[in-house]
Amino acid sequence: MSTKNSRASFSSIYKGSRKVGTFTMVSILLFSILTINGAEAKEKGDQGLEKLYHVYTGDQYLGAVPEKEPVLDWMNSKKEELKKEHDLSAEVYLEDKLAIIPERVFQAPEKNGKVLDQIEETAIFKTDAKALKVDGETIAYVESEKEVEKALELVKKTTVSDKELSSFQDQSEAAEELEAGESTVTNIQLQRFDQAVKAEVSPENILSAEKAAEKLKKGTKKESSYKTVKGDTPEKIGEKFNMKEEKLLELNPNLEQLTPLKPGTNLNVIKPIQGVTVRITSAERVTERIPHEKKVVKDKDLLVGETRVKQEGRDGEKEFTIVTTEEDGKEKSQTVKDEKVTDKPVTEIVAEGTKEIPSKGTGSFIWPTNGGYISSHQGPRWGKHHKGIDIAQPDDYTIKTVDNGTVISAGNEGDYGNKVVVDHNNGLRTIYAHLDKIHVKKGQIVKQGESLGIMGDTGFSTGIHLHFEVYSNGKLQNPMDYLE
Ligand SMILES: [Zn+2]
C-alpha cells in the first residue's frame with residue numbers, strides 16, 4: 001500500500017515551474033481579492049484587459065490557463081472516476097488544495113493543454129479512511145467505521161459461529177443469567193488488534209472489509225526500519241526477518257559500504273506482522289451430582305453384628321459455571337465460579353449394634369478351675385481313649401465355664417457322673433464331668449468364669465477331679481489347644 005506520491009517525477013520533469021514564495025502568494029491573493037471585488041463593480045469597464053487563471057496545487061505553481069472550467073471539470077470527473085473505480089462512498093479529494101487565482105492581463109495566454117497535463121501528472125487524490133492497526137502497525141485501510149466493524153466481525157467469525165456471535169451481541173450480562181445446561185459466549189477479543197484510526201490514503205489503498213479481515217487474520221509483511229545490534233551481519237538479519245540477502249540489498253543499496261555493520265545502524269527490512277488471535281471466553285452452567293455421605297452410629301439396643309438404616313441417604317446436586325478461554329479454537333484456561341448447591345445431599349445414617357450376646361462365646365477360654373494341675377492328658381488310657389483332660393488339686397472346688405454360653409444339659413449321666421454341657425454358640429461346646437454339685441440348669445445362660453458347680457468324683461472316677469472335654473462343630477478336640 002504505497003502512499004508515495006509522484007512529486008519527485010514532477011519536479012524532475014517540470015524543472016522550469018516556478019515556486020511561489022509565501023510573500024508572493026500573499027500578494028497574489030490580496031491582489032486577486034481586490035481584483036475580484038473591483039472586477040464585480042467595473043467588469044465591463046476594464047477595456048483591453050483579459051482574464052487569465054493561475055493554477056496552483058498547494059504552493060506548487062503549475063501555470064496559467066485562459067479558462068478555469070476545464071481544470072475544474074477534469075478534477076471533478078477524476079474524483080467521480082476514482083470513487084467508482086474503488087467502490088467508495090466517501091469523498092475523494094486532492095491532497096493539495098487546488099487554487100485557481102484570476103488575474104487581469106493585457107494579453108491572455110494561448111489555449112494551452114500543457115497546464116492540464118501537469119495537473120493530471122501531479123495531482124494526488126486522497127480519501128478519508130480508517131487504518132486498522134495491529135501491534136502498532138497499519139495492516140489495512142478500509143473506507144469507514146462501518147467497514148471496520150464489518151472486517152472485525154468477519155475475523156471473529158473465523159472461530160465463532162454466527163449463532164454464538166449474535167447471542168453474544170444480544171446479551172452482555174448473559175453469564176449471570178445462565179440456567180443449568182446452558183452456555184454462552186461472554187467475551188470475544190481480538191488480540192494484538194489495537195484500534196482503527198483516521199487516515200488519509202490514496203483510493204487504491206482502500207480494501208474491502210473481506211480483504212481487510214483476511215489480512216487481519218493472516219498478518220502481513222511490511223517494510224520497516226531495523227536498528228542493528230552487536231554481532232549483526234547481513235546474513236543474520238536476513239535470517240531474523242526471513243529475507244533473502246538480495247532483498248535486503250535491494251532495500252538497502254548501500255549495504256556493502258555499511259558492512260561490517262556497526263551496532264545502531266538503521267536498515268530497511270521486511271518485518272512480519274502477526275495476525276490477530278480471536279480470544280473467546282465462554283461460560284457454561286453445569287449440574288453435578290453431590291454423592292451423599294455415610295455415617296455409622298453405635299446403637300446399644302442392637303446386637304453386635306446387627307445394623308439398621310436410621311436415615312436413607314440421598315445424593316444432592318450442585319450447579320456451577322465453567323468459564324473457558326479459547327484462542328483461535330484452542331483451549332487456554334478453565335475456571336469454575338458461582339457454585340451453588342441446589343439440592344443438599346442427605347447423609348445415610350446406619351446404626352451398628354453394640355449389645356453383646358451374653359450366650360455367645362468370646363472364642364478364648366479361661367482355665368475351668370481355680371488352680372490345679374493336669375493329672376491326665378488326652379490320649380489312650382487303660383485300653384481306651386481318654387477324651388479329655390483331668391484337672392486335680394485346685395485351690396478350691398469351684399468349676400467355672402471357660403466361656404460364655406448356654407447350658408444345654410446339666411445332670412447325672414453314667415460314667416460322667418454329674419455333667420454339664422455348655423454350648424458357646426460359636427461352634428464350640430465344653431463338657432464338665434464328675435461334679436459333686438451342679439449349680440446351673442438346662443437353658444441357662446452362663447457368663448465366662450461363672451460357676452457351674454463343685455468339683456467331685458461322681459461317675460467313673462478315681463478321686464476328686466474335673467474331667468473336661470472340648471468339641472468344635474461336634475468334633476472332639478484336644479482341650480490343650482484351647483486352654484491358655
Ligand atoms: Zn477324665
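Two residues are said to be in contact if their C-beta atoms, placed from the backbone, lie within 7 Å. The structure examined with this criterion is a predicted model, in which local features need pLDDT of at least 70 and side-chain atom pairs count only at pLDDT 80 or more, while totals for chains, interfaces and linings use all residues. Residues are numbered from 1 along each chain as its sequence is written.

By this contact criterion, and leaving aside its neighbours within four places in sequence, Ala 140 is in contact with Leu 132, Leu 207, Ala 212, Lys 215 and Leu 216. Ala 140 also belongs to the largest nonpolar core, which has 27 residues, and is listed there with Leu 132, Val 142, Ala 151, Ala 212 and Leu 216 as touching the most other members. A nonpolar core is here a set of buried Ala, Val, Leu, Ile, Met, Phe, Trp, Tyr and Cys residues joined through C-beta atoms within 7 Å. A residue counts as buried if 20 or more other C-beta atoms lie within 10 Å of its own, as exposed if 12 or fewer do, and as partly exposed in between, with the C-beta atoms placed from the backbone.

Lys 130 and Ala 140 are ten residues apart in sequence, and their C-alpha atoms are 8.4 Å apart in space. Leaving aside neighbours within four places in sequence, the contacts of Lys 130 include Tyr 141, Val 142, Ser 144 and Glu 145, as well as Ala 196 and Lys 198.

In the protein as a whole there are eleven helices and 27 strands, and buried residues make up 23% of its 484 residues. Among contacts between residues at least 6 apart in sequence, 73% join residues at least 24 apart. One of the helices, H3 (residues 69–85), has 17 residues and reaches 24 Å from its first C-alpha to its last, close to the 24 Å expected at 1.5 Å a residue, where the expected span is 1.5 Å times one less than the number of residues. Just after H3, Asp 87 takes a positive phi of about 55°.

Three strands form an open sheet in the order E12-E16-E13, with mixed pairing, where two strands are taken to pair if DSSP finds at least two bridges between them. Strand E12 (294–303) and strand E13 (307–311) are the edge strands, each pairing on one side only. E13 runs antiparallel to strand E16 (residues 348–355) and is joined to it by four bridges, and the bridge partner of Arg 308 in E16 is Ala 351.

Elsewhere, strand E14 (residues 316–327) and E15 pair in the antiparallel sense over ten bridges, with Glu 317 standing opposite Asp 343 in E15. The hairpin of these strands has two residues between them, and in this hairpin Asp 328 takes a positive phi near 50°. Strand E15 (residues 330–343) lies largely in the open, because the number of buried residues among its 14 is zero.

Positive phi values also occur within strands. Gln 393, in strand E20 (residues 389–400), has a positive phi of about 50° although it is not a glycine, and Gln 393 is partly exposed, with 13 other C-beta atoms within 10 Å. His 434, in strand E23 (residues 428–438), has a positive phi of about 65° and is likewise not a glycine; with 25 C-beta neighbours inside 10 Å, His 434 counts as buried. Gly 414, by contrast, counts as exposed, because it has 9 C-beta neighbours inside 10 Å, and its place is in the loop between strand E21 (405–412) and strand E22 (418–423). Gly 414 and His 434 are 20 residues apart in sequence and 9.9 Å apart in space, C-alpha to C-alpha.

Finally, the peptide bond from Thr 259 to Pro 260 is cis, with omega near -5°, and Pro 260 has its place in the loop between helix H11 (255–258) and strand E10 (266–274).
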